[in-house]
Structures are given as C-alpha cells and as structure tokens.
Amino acid sequence: MSSRLYPDDQKRVEEYLNLPQHRVERKPFRVWWLLLILTLSVAGLGLLSRFLAWTVIG
C-alpha cells in the first residue's frame, strides 16, 4: 500500500503511532454480540411500547 505522505511525514506518523500510549491491546470485535444486543434491545423496546399502549388504551 503506497502512502500519499512524503517519506518524512510518514516516518513521523509511524513514530507517533508507535508510542506506548498508542499501543493498546484491544479485544477482537464481535459482530454476533452486537447483533444479539441490538435484537434484544429492539425486541425489549417493542414489548415495552405494546405494554404501555395496552395500559393507556385498554
């Protein structure tokens, strides 16, 4: 992958990114957990709205 930066600028960017405060280990992104949380949130809010409508109307 070629960089659009000049070599001196690219070197400064790499030095900046290699500083200890920028080298944080992260857990891998889990798509299935995100989909599960979104599904449960939407279902929960849907059930809550039906309950509120039932108590107000009924």
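Tutor: Start with the term. A salt bridge is a side-chain nitrogen of Lys or Arg within 4 Å of a carboxyl oxygen of Asp or Glu. Keep in mind that this is a predicted model.

Now apply the term. The structure holds one salt bridge. Its partners are Arg12 and Asp9, and their closest N and O atoms are 2.5 Å apart. That pair counts because 2.5 Å is within the 4 Å cut-off.

Where do Arg12 and Asp9 lie? Both are in helix 1, which covers residues 7-17. They are three residues apart, about one turn of the helix.

Next, check how open each partner is. Arg12 has a relative accessibility of 53%, so it counts as exposed, since the exposed class begins over 50%. Asp9 has a relative accessible area of 28% and is therefore partly exposed.

Step back to charge. The chain carries 8 positive and 5 negative side chains. The centres of the two sets lie 16 Å apart.

Follow the chain onward from helix 1. Pro28 sits in the loop between helix 1 and helix 2. Its relative accessible area is 63%, so Pro28 is exposed. Pro28 and Val56 are 28 residues apart along the chain, and 45 Å separates their C-alpha atoms.

Then comes helix 2, residues 31-57, which includes Leu35. Leu35 is partly exposed because its relative accessibility is 39%. Leu35 also belongs to a nonpolar surface patch. The patch is formed by Phe29, Val31, Trp32, Leu34, Leu35 and Leu38. Together these residues have about 680 Å² of accessible area.

Arg50 is in helix 2 as well. With a relative accessible area of 64%, Arg50 is exposed.

Now put the whole chain together. It has two helices and zero strands. The radius of gyration is 24 Å, well over the 10 Å that the globule rule gives for 58 residues, so the chain is more spread out than a compact globule. Along its principal axes, the C-alpha trace spans about 70 × 25 × 20 Å.

What share of the 58 residues is buried? The answer is 0%. Buried would mean under 20% relative accessible area. The chain exposes about 6,300 Å², and carbon and sulfur atoms supply 66% of that area.

Arg12 and Asp9 pair within helix 1, while the chain as a whole has 0% buried residues.

Key: Residues numbered from 1 in each chain as written. Predicted model: local features only at pLDDT ≥ 70, side-chain atom pairs only at ≥ 80, totals over all residues. Heavy atoms only, no water. Patch = residues over 30% accessible without salt bridge, like charges linked within 9 Å, V, L, I, M, F, W, Y side chains within 5 Å. Areas by Shrake-Rupley, 256 points an atom, 1.4 Å probe, with all protein chains shown as cover. Helix = DSSP H or I, 4+ residues; strand = E, 2+ residues; numbered from the N terminus. Buried < 20%, exposed > 50% of the residue type's maximum accessible area, 1.4 Å probe, protein only. Rg over C-alpha atoms; globule rule 2.2 N^0.38 Å. Lys, Arg positive; Asp, Glu negative; His and termini not counted. Charge placed at Lys NZ, Arg CZ, Asp CG, Glu CD.
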